[in-house]
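Let me put the sequence and the structure on the screen.

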Amino acid sequence: MRIIEFVSEMQQLADEWRRQGKRIGFVPTMGFLHEGHLALMGEAKRRADVVAVSVFVNPTQFGPNEDFECYPRDMERDIRLCTEVGVDVIFAPRVSEMYPDGYQTSVEVSKVTTPLCGRTRPGHFRGVTTVVAKLFHCVKPHIAIFGQKDYQQWVAVRRMVRDLNMDIEIVSYPTVRESDGLAMSSRNTYLSPAEREIALRLSRSLRAAQELVDRGEIYGEAVLMKVREVLESGGGLRIDYVQLCHPDTLDDVLTVDGCAVLLMAAFIGKTRLIDNCVLRSGN
Ligand code: AMP
């Protein structure tokens, strides 16, 4: 497996692969890899001839008071895991390589990035779409895999690709969870054992919502009330948002009519966690 730090070297390899007629699969990450990331890589391997993974903690998607400095990093472990999964190249540029002096261009997707995480984290999605667009120009993939865990991110990237006519297939992969339901996340390492217990309420509340819908409830407010009740039972958790949205537009919806996505973010201590699920009603 190759490890590449420079944009030009990555582009040369991508050109070489394309000359050889290889289909390039890409998984962008911020490293500190877990089973969720590895599942995305497995999917990329199934769908492409060669797989590139980027490991880049992107400063422009963190707010001034967020966790950029202390975001967990372990490059040696990431290299080992990527080797085991059979990744062909890790692209791990330095911040100065991606954002050299004088850098002043960004990519912004407007509407779908406004609600939900966009409200709490202004500028976050501009950072995400900018870095993803830049990484696409480095890796030149035919297909890129994103986790459903970051639902709004996937919607924004898909929108960017359509709007800017990028010739890249965007695939979403289901959220990988711990055996007790907690969605895997590099940020779970911030949680104390007591906080981790509280964090289980996120996935529990999603299951409670689906159960309610399975029993015939279609009114959004009833579902949201149930979710808030599960999340807030016992304290120790502050809801950032809980919303029921249209799966494509992320507009608020009032009923689960066929299909709606339930999205949430919550603070447990200083740690902000997100989770979501697509709710399906019988009708
Ligand atoms: P991150 O390193 O957190 O920026 O995530 C890199 C990619 O992995 C994104 O497409 C995420 O949506 C995806 N991802 C993160 N956690 C999970 C998970 N638990 N299951 C599936 N995909 C995930």
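Before the count, the criterion: rings of Phe, Tyr and Trp, the last by its six-membered ring, are taken as a pair if their centres lie within 6.5 Å, and planes over 60 degrees apart make the pair edge-to-face. Please keep in mind that this is a predicted model. With that criterion, a search of the whole structure turns up six aromatic pairs.

Take Phe-62 and Tyr-71, whose ring centres are 5.9 Å apart and whose planes meet at 75 degrees, so that the pair is edge-to-face. Phe-62 has a relative accessibility of 9% and therefore counts as buried, and Tyr-71, at 7%, counts as buried too.

Another edge-to-face pair is formed by Tyr-151 and Trp-154, with 5.3 Å from centre to centre and 80 degrees between the planes. Both belong to helix H7, which covers residues 151-163, and because they are three residues apart there, about one helical turn separates them.

Which residue lies over the face of Tyr-99? That is Lys-134, at 5.5 Å from the ring centre. A charge over a ring turns up again at Phe-68, where the charged end of Arg-73 sits over the ring, 5.1 Å from its centre.

I will stop there and take questions.

Technical notes: Residues are numbered from 1 along each chain as its sequence is written. This is a predicted model: local features need pLDDT of at least 70, side-chain atom pairs count only at pLDDT 80 or more; totals for chains, interfaces and linings use all residues. Side-chain values use heavy atoms; hydrogens and water are left out. Rings of Phe, Tyr and Trp (its six-membered ring) pair if their centres lie within 6.5 Å; planes under 30 degrees apart count as stacked, over 60 as edge-to-face and the rest as tilted. Buried means under 20% relative accessible area, exposed over 50%, partly exposed in between (1.4 Å probe, protein chains only). Helices (H or I, at least four residues) and strands (E, at least two) are DSSP runs, numbered from the N terminus. A charge sits over a ring if NZ of Lys or CZ of Arg is within 6 Å of the ring centre and within 35 degrees of the ring normal.
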